[in-house]
Amino acid sequence: MLGKGGKRKFDEHEDGLEGKVVSPTDGPSKVSYTLQRQTIFNISLMKLYNHRPLTEPSLQKTVLINNMLRRIQEELKQEGSLRPMFVAASQPADPLSDNFREAQPAFSHLASPALLPPDLVSTMPLESCLTPASLLEDDTFCTSPAVQHDGPTKPPPPALQPVKDSFSSALDEIEELCPAPTSAEAVAAESAAGDAKGQPGESNIIHKPEGLPESRTAESKLMEPLPGNFEITASTGFLTDLTLDDILFADIDTSMYDFDPCTSATGAASKMAPVSADELLKTLAPYSSQPVTPNQPFKMDLTELDHIMEVLVGS
Amino acid sequence: AADIISTVEFNHSGELLATGDKGGRVVIFQQEQENKTQSHSRGEYNVYSTFQSHEPEFDYLKSLEIEEKINKIRWLPQKNAAQFLLSTNDKTIKLWKISERDKRPEGYNLKEEDGRYRDPTTVTTLRVPVFRPMDLMVEASPRRIFANAHTYHINSISINSDYETYLSADDLRINLWHLEITDRNIVDIKPANMEELTEVITAAEFHPNSCSTFVYSSSKGTIRLCDMRASALCDRHSKLFEEPEDPSNRSFFSEIISSISDVKFSHSGRYMMTRDYLSVKIWDLNMENRPVETYQVHEYLRSKLCSLYENDCIFDKFECCWNGSDRQVEFLSLCTSNLSNIVMTGSYNNFFRMFDRNTKRDITLEASRENNKPRTVLKPRKVCASGKRKKDEISVDSLDFNKKILHTAWHPKENIIAVATTNNLYIFQDKMN
């Protein structure tokens, strides 16, 4: 469970993330470099996709933020990526679970399935029923070529704190703009979040504020924040070279979401067996071994499903 | 607030100082004529005229508001009794005529003084109407409206040295206008596929002497010099000014802080000055591969870039300006012979900075009522970057990033400067002996 980290202090944050960027190849500094990169990545996403001004946003600012995201993505690509998981997020149109269904019309948007896979496990030592993600990574069935990430190992849990905090504080802002989550999410939120600061990312993200588009393709979603001012037609996105996976899952730390399937309402209870196959299909989507392309219906072998269940249950 | 100042500009004589604000208003100040007997102070600036230049509009096609905020004001050189200036918001440029009326005709034969018509049968004698003095009235009227020529947001206007044409620049295009007639496009960097867009135009200016030459800066820290004689569409530059990146200072934010927010030619036209987030650079037009001088405005912010990115301050667009052209500048008690030798630019916490190119000395001053009594000499400020803070120093962490000075202007002939904080305009002059 993620710690009940307090809001990061200005100075601490500065020490941890500011200053010269160290080369990604430095051993011990690599962690802080990737942390820094992840924070900036998240902030950039927030900036692009989280506000709907009444006037046209500045093209210069948008271009600079997009360049930042592209650079980070390039770097991640170059570092070679085997990081699994989060594949299913490429199906924005498919509800991942019934819990989020009511949010779909408002948020069937790129971020919704992407950031909210309810079954992602935290890298933190979780409740006993789950295998830490670090183990899952090594399993071949978890790989997906489409997903980028920032390196073969996850940063140690305590180091995640600043990242979560900066993201959480950004999420808190969204929270202020959002209506209260539904009861289902609230249950998930309460049980999953140990953080006193607020609800985990998913609840906030689900109920994103006004201005979010209806369900569409992932690519066209990417251009949503830039309506009109780029003269882009609906079919092309400003960042179509970045797929949904690339952008959102390159570095996403599941630890942020603190979602504990053992106690969530999505049905991934501590005992997997009673859950229906359909539900499991949806909730275990990330662990598909097939490379998933955006908007393709999710398919998975039931045998693989069994295998996954075994691993998750720890048997 | 509607009265956030968004641009400041002296006219060519320095007698008038125009400010534009976020509410679309233009306020013009006029310098009092110097009182010869009071040699210890120059004329003060008082409000001369106020008018609403731009109104908010709504773009129905995109469902977005078009801000009425005045981005730039540029004065035309005075040709007759009236004054002319160009003011622009994001989309529309207007030519305003500001004229004085201090006389009015009286003694009409067919009209009473209040305008009512007289019964012609009561007219028994004829007289010639005469002009009689009246209270000064300053009127502003729009003479031209240059609209629908910019898809993106206008960031610069610059009047050509031929005084007949001017350019306007938005993020992707530069247009050339004839003050009388129409416009044509002279620079277009819009890519065929907008997904490939990685660079935008940030500022543009005509050369002060060569009427076919202009420069434009970009968000990647480059400046391109173009010659309109080369081709109708200046999509190939004549010169490209760019400094190679310093590898020891490389960070995630290198590109953003290299984005140039302002470019200004020196009076001679031999040099140009650019402002990026942390520094001011002087370029020799004959040397493209690096600036000849670099001045650090607030280097202590380099370690704060992540936070400044988060709170958007890193996108603040600071302007810069040269000292006035006609006088030798005796700044910091030093005699100088170079005409363009002092550069001024703003920073945070209501600080602004001046750099003397000859002596390499610099000074930080503050524009604030609390800390400066009128008619007292401004006290230099110092920011303590790290370590022990000395008395009177301000630590970086206590800087107020909401108090930013983006716009400054220098009187063209005298050592008078105008400094705009968020809501206030400060006018400083050098100490007279």
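In chain A, a network of salt bridges links A:Arg37, A:Glu75 and A:Glu79, a salt bridge being a side-chain nitrogen of Lys or Arg within 4 Å of a carboxyl oxygen of Asp or Glu. The model is predicted, and local features therefore need pLDDT of at least 70 and side-chain atom pairs count only at pLDDT 80 or more, whereas totals for chains, interfaces and linings use all residues. Residues are numbered from 1 along each chain as its sequence is written, chains are lettered from A and ligands numbered from 1 in the order in which they are written, and side-chain values use heavy atoms, with hydrogens and water left out.

Over all chains, a search of the whole structure finds 32 salt bridges. One of them is formed by A:Lys61 and B:Asp312, whose closest N and O atoms are 2.6 Å apart. The pair joins two chains, because A:Lys61 lies in helix H3 (residues 59-78) of chain A and B:Asp312 in the loop between helix H2 (305-310) and strand S23 (320-322) of chain B; helices (H or I, at least four residues) and strands (E, at least two) are DSSP runs, numbered from the N terminus. A:Lys61 is partly exposed at 22% relative accessibility, and B:Asp312 is likewise partly exposed, with a relative accessible area of 25%, where buried means under 20% relative accessible area, exposed over 50%, and partly exposed in between (1.4 Å probe, protein chains only).

Within chain B, the side chains of B:Asp188 and B:Arg173 meet in a salt bridge with an N to O distance of 2.9 Å. B:Asp188 lies in strand S14 (residues 183-188) and B:Arg173 in strand S13 (residues 173-178), so the pair ties together parts of chain B that are 15 residues apart in sequence. B:Asp188 is partly exposed at 27%, whereas B:Arg173 counts as buried at 18% relative accessibility. A further salt bridge brings together the side chains of B:Arg25 and B:Asp21 (3.2 Å, N to O); here B:Arg25 is partly exposed, with a relative accessible area of 34%, while B:Asp21 is buried at 5%.

Elsewhere in chain B, three strands form an open sheet in the order S29-S30-S31, with antiparallel pairing, two strands being paired if DSSP finds at least two bridges between them. Strand S29 (407-410) and strand S31 (425-429) are the edge strands, each pairing on one side only. Strand S30 (residues 416-420) is joined to S31(B) by five bridges, and B:Ile417 has B:Phe428 as its bridge partner in S31(B).

Chain A, by contrast in its make-up, comes to 13 helices and zero strands, and 58% of its 315 residues count as buried. Among contacts in chain A between residues at least 6 apart in sequence, 78% join residues at least 24 apart.

Notes. Contact means heavy atoms within 4.5 Å.
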